[in-house]
Amino acid sequence: MASADRVAVDVKPNYGSIPLDPPADPPPVRGKAGPLATGFNVVNVYLGLGLLAQAYALQRGGWVALVLMGVCCAMCAYTGQLVVACFRAMQERTVCARDAGWADLAEYVLGTRGKWLVFGIALVEAFGAGCMALLMLWRNLEGLMPKVPSLQIELWTLIAIVPALFAQGFNEIAIIGILGAASKALTAFLPMVVYFTLSPTSEPQVVHRDWVRPQTLPMAMGIIMLSYSAHVALPSLYRSMADPARFTAVTNLSFLVMLAQ
């Protein structure tokens, strides 16, 4: 009887969710994205309309918004790594003929209803992000080519995007991530060049910065949260890495770069 009790105590209980010990990363694989390409892809996925609007969030929220940016950046970097850990744990416990997605994780945890709920949320988020990117691209092209009809610009833009839809992984479009990250960095850098090189047409105005603006702080918080809301792409970026064990370091460095932007 005492021996049976001792065996029962030594057995680790199974809670039916994420294992207590962190799952091991798979070994490196050739032909996939390296740490630099993955870092550019992470920055390119997050560095969109939200991050480019953080200066406006700082102006609307006051200096306290800068603290919120740091807290939100650290929180989202950590939760993004937790999301990837959940996918690794699920794949170790189940047998999947293909790479698991958000719907598979939801079905594993919540059942069939949770699968369709999460699939719908992820689909709406990805569709909305695509629409926002297209609208921003069309407006910029219309400003560069005012004599070209808008319908023609939109049509040729969609035709140019079609080849990227046949990519089987993020490693195949790494060059797009590098170019996208570089262009967005230039977007943030060029206004400073224009400000310091062009002569002002009037006397410079003194701008007073408040420590906190309670009336517009919620708006600033919304912009900040939107800036780091692209977790849906992290599992795919993790699977596209040649050495997945370096994903945590790449993620931390990428979020630091985004915070510095």
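Here are some questions and answers on the helices of this predicted model and a few of their residues.

This is a predicted model, in which local features need pLDDT of at least 70 and side-chain atom pairs count only at pLDDT 80 or more, while totals for chains, interfaces and linings use all residues. Residues are numbered from 1 along each chain as its sequence is written, and side-chain values use heavy atoms, with hydrogens and water left out.

Q: How many helices does the secondary structure of the chain come to?
A: Let's start with the elements, which are DSSP runs numbered from the N terminus (helices are H or I with at least four residues, strands are E with at least two). From the N terminus on, they run α-α-α-α-α-α-α-α-α-α-α-α. There are 0 strands, and the helices come to 12.

Q: What percentage of the residues in the chain is buried?
A: A residue is buried under 20% relative accessible area, exposed over 50% and partly exposed in between, using a 1.4 Å probe and protein chains only. The chain has 261 residues, and the buried share of them is 28%.

Q: Among contacts with a separation of 6 or more, what share comes from residues 24 or more positions apart?
A: Contact here means heavy atoms within 4.5 Å. Taking the contacts in the chain with a separation of 6 or more, residues 24 or more positions apart account for 77%.

Q: Which orientation do helix 5 and helix 12 have to each other?
A: Helix 5 covers residues 64-93, and helix 12 covers residues 247-260. Their axes are 10 Å apart and pack at an angle of about 155°; axes are lines fitted to C-alpha atoms, for helices over the stretch in contact, and angles run from 0 to 180 degrees between N-to-C directions. Angles under 35 degrees count as roughly parallel, over 145 as roughly antiparallel, 65 to 115 as roughly perpendicular and the rest as oblique. Helix 5 and helix 12 are therefore roughly antiparallel.

Q: Is Cys73 buried or exposed?
A: Cys73 sits in helix 5. Leaving aside neighbours within four places in sequence, Cys73 is in contact with Tyr228, Phe255 and Leu259. With a relative accessible area of 4%, Cys73 is buried.

Q: What is the relative accessible area of Thr38?
A: Thr38 has its place in helix 2, residues 35-46. Not counting residues up to four places away in sequence, Thr38 touches Ala33, Leu237, Met241 and Val250. Thr38 is buried, and its relative accessible area is 0%.

Q: Is the crossing of helix 7 and helix 8 left-handed or right-handed?
A: The axes of helix 7 (residues 112-144) and helix 8 (residues 150-161) come within 10 Å and cross at roughly 130°, so the two helices are oblique to each other. A crossing is left-handed if the near helix is turned anticlockwise from the far one by less than a right angle, and right-handed if clockwise. The crossing of helix 7 and helix 8 is right-handed.

Q: At what angle do helix 6 and helix 7 pack?
A: Helix 6 spans residues 102-110, and its axis is 7 Å from that of helix 7. The angle between helix 6 and helix 7 is about 150°.

Q: How far apart in space are the C-alpha atoms of Ala185 and Met258?
A: Ala185 lies in helix 9, residues 174-197, and counts as partly exposed at 29% relative accessibility. Ala185 and Met258 are 73 residues apart in sequence, and C-alpha to C-alpha their separation is 9.9 Å.
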